[in-house]
Amino acid sequence: MPDTQRKRRPGPALRRAAARIDGATPPQRDRAVDALRALAIVGVVLGHWLVTALVADGGSLRAASPLAAMPWLAPVSWTFQTLAVFFMVGGHVATRSLASARARGDGYGTWLRARLGRLFVPVTAVAAVWTVAAAGLLLGGASFVTVHTVVKLALSPLWFLLVFAVLTAATPLVTRLNPLWPLAVVLHVDLVRFGLGGPAWLGWVNLGVGWLVPYSLGAAWTRGELERPRAGWTLLVGGAVAAAVLVRWASYPASMVGVPGAAVSNLNPPTLAAVAFGLAQCGLALLLRDRLRRAMRRPVAWAAVALVNLSAMTVFLWHQTAMMATTATALTAGPLPGLHTVPDGLDWVAARLLWLPVFALALVVCWAAFHGLEHGTRRSRGRRSRGRRSTVVRVHHRSHRPEPKAARSA
């Protein structure tokens, strides 16, 4: 067989695999929801890889950020800090899922156990691996600073899971909640904290309430309140203007992520500026839905989005570990630019961009080792419920009756 034909094989094979994924997707599924979730996950991963550095300092590693030395790079955080979109999609999917579960006759407890199982079962592997790794590093003579730095970075994604779990448990209360109520709480917390000299700990109220704003936007999406373009434009323009005013005239940081050494972080805990910026992101996401639906009609694009969604938890939990594993392994070659050096110039940025494919390869290794936990949860849940639900599914497909509006895409 000629070499040219051999080289063409992967193309048709990829298209055939994508076509199978496309054909197996239920026709009523809103693919824009999955596309937005995939974009949010990829944004978080790339954001962490770009603004988090591990600097070799003598015999230890310490965390640093290029945003500290180059604050004009703040727009990078505007692009990749996509948690608000993830929470909005999460609220939308959870409220639809709850409506679908109720339509099947499932109780709240059954539904909640299934949702939380998907969150926390993969966490056990992360906790176990890093417990052993931390002990091994300490016994091997690593400095406490190094161990503290890497463990903190590796486990930092877990704060998100805790907040998301609390909001998931509160979904029945959120289904009718107007997003203006949690937004008003964030406003008053910041007013007391920054305007009236209130205690700094008060800001932690926003850790849950701040992310409740986009989560409740997802519930409003499920209720059909955000279908018109006007809603997206209002959120985009209003949120962007509010964030710009707060940064320009109220002394909020321009970076939408935390910067080591900064007096105030927009993210830890969330501030009114971060919430306003998140509203702008959510508005843009809503405006992009129709374009994403058209884009997802292409089987290859949809297959890529579907694969990211199937591995979302694994990617989220292990992306920091992949970066640190690369950094630690490369230490044997000495301090390398963009990996162990101080992030204080454009040369570091250029070098870090070259390391991104290496981080991605390390993440693929982590995915191969641990993605079974994420899918094992779904498979076991499917086996438990198959006998009860298979008849209902068969009847539904035979009758071709549309699902209730609130249950689609759950």
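# Pockets, pairs and backbone features of a predicted model

The second largest pocket is lined by 37 residues, and K152, S156, G258, L267 and N268 are those that lie nearest its centre. A pocket is an open set of points on a 1 Å grid over the protein atoms alone, with protein on both sides within 12 Å along at least five of seven lines, and lining residues have an atom within 4 Å of a point. This is a predicted model, in which local features need pLDDT of at least 70 and side-chain atom pairs count only at pLDDT 80 or more, while totals for chains, interfaces and linings use all residues. Residues are numbered from 1 along each chain as its sequence is written, and side-chain values use heavy atoms, with hydrogens and water left out.

The volume of the second largest pocket is about 1,100 Å³; a volume is the space filled by probe spheres set on the points, which are joined across faces, edges and corners. Its lining has 21 nonpolar, 14 polar and 2 charged residues. In this classification Ala, Val, Leu, Ile, Met, Phe, Trp, Tyr, Cys and Pro count as nonpolar, Asp, Glu, Lys and Arg as charged, and the others, Gly among them, as polar. The elements that each supply at least two residues of this lining are α3 (31–51), β2 (60–64), α5 (74–80), α8 (144–155), α9 (157–169) and α17 (312–330). Helices (H or I, at least four residues) and strands (E, at least two) are DSSP runs, numbered from the N terminus.

Helix α9 also holds F164. F164 counts as buried because its relative accessibility is 9%; buried means under 20% relative accessible area, exposed over 50%, and partly exposed in between, with a 1.4 Å probe and protein chains only. Along the chain F164 and G90 are 74 residues apart, and their C-alpha atoms are separated by 8.3 Å. A second pair of this kind involves A53 in strand β1 (residues 53–57). A53 is buried, since its relative accessibility is 0%.

The structure also holds 1 cavity of 30 Å³ or more. A cavity is a set of grid points where a 1.4 Å probe fits but cannot get out. The largest cavity has a volume of about 60 Å³ and is lined by A84, G210, W211, V213, P214, P270, A274, V275, G278 and L279. Helices α12 (206–222) and α14 (272–287) each supply at least two residues of this lining, which divides into 8 nonpolar, 2 polar and no charged residues.

Charged side chains form a further set of contacts. Side chains of opposite charge can pair when their charged atoms come close. A salt bridge is a side-chain nitrogen of Lys or Arg within 4 Å of a carboxyl oxygen of Asp or Glu, and the structure holds 8 of them. One joins R104 to D106, with the closest N and O atoms 3.0 Å apart. R104 counts as partly exposed because its relative accessibility is 36%, whereas D106, at 13%, counts as buried. Another joins E225 to R223, with a closest N to O distance of 2.8 Å; E225 is partly exposed, with a relative accessible area of 47%.

The side chains of R289 and E227 also meet in a salt bridge, at 3.6 Å from N to O. This pair links distant parts of the chain, 62 residues apart: R289 is in helix α15 (residues 289–295) and E227 in the loop between α12 and α13. R289 is buried, with a relative accessible area of 4%, and E227 is partly exposed at 40% relative accessibility. Elsewhere, salt bridges that share partners join R29, D34 and R37 into one network.

Helix α13 (residues 229–249) contains V237, which counts as partly exposed because its relative accessibility is 44%. V237 belongs to a nonpolar surface patch with W233, V241, V245 and W249, and together they have about 550 Å² of accessible area. Patches are made of residues with over 30% relative accessible area and no salt bridge, like charges being joined within 9 Å and nonpolar side chains (Val, Leu, Ile, Met, Phe, Trp, Tyr) within 5 Å. Accessible areas come from the Shrake-Rupley method with a 1.4 Å probe, and for residues only the protein chains shown count as cover.

The loop between α13 and α14 contains S251 and P269. Most residues other than glycine have a negative phi, and most peptide bonds are trans. S251 has a positive phi, near 65°, and is exposed, with a relative accessible area of 67%. The peptide bond from N268 to P269 is cis, with omega near 5°.
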